[in-house]
Amino acid sequence: MSGQGKSIWDTLGDIPREVLYGVLLVVFVIPMIYPLGLPVPISANVLKWYKAVEDLPPGAVVMIDFGYSGGGEPELGPMAVAVYHHMLRRGDIKVICMSTSIEGPQLWDKAMAELRPEQRYGAVYGVDYINIGYIAGGETAMAAVGKDLRATTSTDYKGTPLDQYSIMDGIVDAHSFDLLICYTTGGDQSEGWVRQWYTVYGTPYMCSVLAMMVPTMLPYMNAGQIISVTSGAQAGEMEGLVHVPARGIKSADVITLTHMLCVVYVVIGNVAYIAKKFQGGSK
Amino acid sequence: MSTTLKKTIPVAIVFVVAMLVMMDYFIVTPPVNEAGKSWTSGVVKDLQNWGIILTAFSLGFGAVNLFYFHSKHISRRTPKQWMFSLWLLLVIVTFTAVGVFMGPTSTSYNWIYNASYFALSATVYSSLGFYMTSGLYRALRIKNIESTIFMVVGVIVLLKNAPALAVYFPTLSAWGSFIENVLTTSAQRGIMIGGALGAISLGVRTMTGIETGFLGKLTEEEKGGSEP
Amino acid sequence: MWIFILGGMEMAKTHKPQFRKLTGLDALPEMVGRAAEMNRPVHFTTGLGSLTDSVAPQLVAGLAVLAHVSELCANYGVKIIYSVYQAQVMPIATELMKAAYVKAGKPEEFHADEQVRYLSGEQFAYASAVQGIAERERPAANIMIGPFYAESMLFSETFQRIGSIQLAGTARGYQIPFFAVVCDYLLIAEEIYAAGAYLSGDPVQVGTTRGQDYGKIVALILMILGVLATAAGSSAITSLMGM
């Protein structure tokens, strides 16, 4: 190869990062501006999740952990909003939210601003839903809340005593809840809920995590410890089920195209690599 | 400082607390109260609440540390650093002032959070997608049998996770599900079991005072390990 | 597990078990030597996580490797930069690194202000700061042992781009694939817990690692028995595990 210019295979096998990122950026942006309306099939795990909420008895109490950070909001936020739509639409489910992430209260506010529960469903804060705020300590907090919620926090996230809210009547510990849901960008939090609530109290549990964390949560689901594990990227499917299309459905087009682009990159790289080997010029 | 103060007492505290928490988690030790809870339950509840307080305190400690660290840079006018340190401290003060005087759930606080930290955080997180793409392009090459398997599995899972393709190529869903539910799950289980056993081993070493890293600087004699 | 670990410790006092080869840890002198030749620093980080949460064992494992790498760097005359996420780790890391330099006979070469850098308690602020260190100081070697989250790929790719040789290790299964794709050397899951014992050669620590292996053998036996029992229609092993 010395003394000769780069062959086409050298170029294709070593495409500069700038080109890779540039094409990826274009593929990201186009479907966001002009949604393509590609089909979005409903996967088994999302169906399981939907059914678990549908099967809750009237008057059921659900604990939700807004355990994700701002960085994960674009992926998990749409899923959280879609699930809230599902639960508040029923009108007979009480939803109590806490956060094991310090940004949880702000992200919950963001979700509520998108959801508009009062306007849409006539839900009343403190009667149908509430946020008891950020509780520091990670898994220690989960264990403490499960053992005695009132000893861990006595106010909601605005500082108002919990006794003033009717939704908190009879809520004492993990036994008071019919379902636990966690949205998290840190898989340890999800595993922590399995250890501290499902294992100790048997509370049914579902979680939505980043797509890259789903394989690590699957052992728990296959062992029956988690009802359903979904990724935030499946928010489009949940939005389809609850008939409230929003950011999730829009992202589905982006996900499809970018995944296909990644495969194209892999194919190009391998074709170039094999071609160089056959030419006897591989590095 | 004597070995008792530097090592024995902290290790004894770790041992006692760990034993209490494990007893409460795994067994119901008598005497049992009328609610059916063992005597450890109340003790562990207090310990857990103390843990929450300590964690919350460490957040404040982190802020103090930031002030100390960056104030030094500002006072020394460290080249290429002191302006950033000054900016950081200004932002900390702004967030703190707004949070304290207007409330952490106020519209103003939410605005500055959304306009600054949230936007930046989501941006940096999103940059992962680009890094993963270049990593995939470079790493998934047919160099040997292992990397070929790696590539084939990676491509199948990539295509399976593309929602629209699953509609047109349902076989991808079946293959992807097999890879996830059988191959990946079993490998993850192995890693999790190994990791858990390693953590237990480290826990036992910590509780018995063999692992002294968390105690900071100890002499060889204080560590009680083998002589150099 | 207690019995295995304590038994392993006792047995190791008379007969020290041998480790299988951990290529990543064996490569540490080579990595530091490379940094010495290139006259560039070594970068070390133990990732996210604090001493009070569930990933604390990984952080402690990382600190054990930090002590060893600090001693290597002191011996080779290479600057080591330790990027800190949690403020509470700083005093411990400072003491460990200072002790390493003292052991190497070069206490005057350790400068805590420059070498132990508390960056931020926020994930992406910390990640951005580490990327900044990579771009500005261009370390020849990057060692990442501990609990890592999404920033793992950011670090790996950035250091790969500037030409650093990399060793990574984490027990967080989510991030192992990202390190596997990019880094030169990898420690998977429990290998990071064994790292301290492997590097120090302390018989007692090595013995606990042997005890851990006995635990794995028992887990394997129970797994096989469980599969056979379940296939035969018995739930005895499953009930035993569910106790």
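Predicted model: local features only at pLDDT ≥ 70, side-chain atom pairs only at ≥ 80, totals over all residues.
**Group meeting: helices and chain contacts**

Let me start with a quick check on H5(C).

After H5(C) comes Gly105(C), and its phi is positive, near 80 degrees.

H5(C) also turns up where chain C touches chain B, so let's go there next. In that pairing, 45 residues of chain C contact 40 residues of chain B. On the chain C side, the elements giving two or more residues include helix H1 (2-14), helix H4 (56-76), helix H5 (90-103) and helix H11 (203-231). H11(C) has the largest share, with 10 residues. If you like to think in residue classes, that side of chain C has 28 nonpolar, 12 polar and 5 charged residues.

Now over to chains A and B. Here 43 residues of chain B are in contact with 50 residues of chain A. On the chain B side, helix H2 (39-76), H4, helix H5 (145-160), helix H6 (163-168) and helix H7 (170-207) each give two or more residues. Which element gives the largest share? That's H4(B), with 13 residues. By class, the chain B side comes to 25 nonpolar, 14 polar and 4 charged.

Let me zoom in on H4(B), residues 107-139, and its neighbour across the boundary, helix H2 of chain A, residues 17-33. Their axes come within 10 Å and cross at roughly 125 degrees. Angles from 65 to 115 degrees would count as roughly perpendicular and those over 145 as roughly antiparallel, so H2(A) and H4(B) are oblique to each other. The crossing is right-handed.

Who meets whom there? H2(A) brings Arg17(A), Leu20(A), Tyr21(A) and Leu24(A), while H4(B) brings Phe130(B), Thr133(B), Ser134(B) and Tyr137(B). Sorted by class, this contact has 5 nonpolar, 2 polar and 1 charged residues.

Technical notes:
Residues numbered from 1 in each chain as written. Chains lettered and ligands numbered in written order. Axes fitted to C-alpha atoms, helices over the stretch in contact; angles between N-to-C directions. Helix = DSSP H or I, 4+ residues; strand = E, 2+ residues; numbered from the N terminus. Parallel < 35°, antiparallel > 145°, perpendicular 65-115°, else oblique. Left-handed = near helix turned anticlockwise from the far one by under 90°. Contact = placed C-beta atoms within 7 Å. Nonpolar A, V, L, I, M, F, W, Y, C, P; charged D, E, K, R; others polar.
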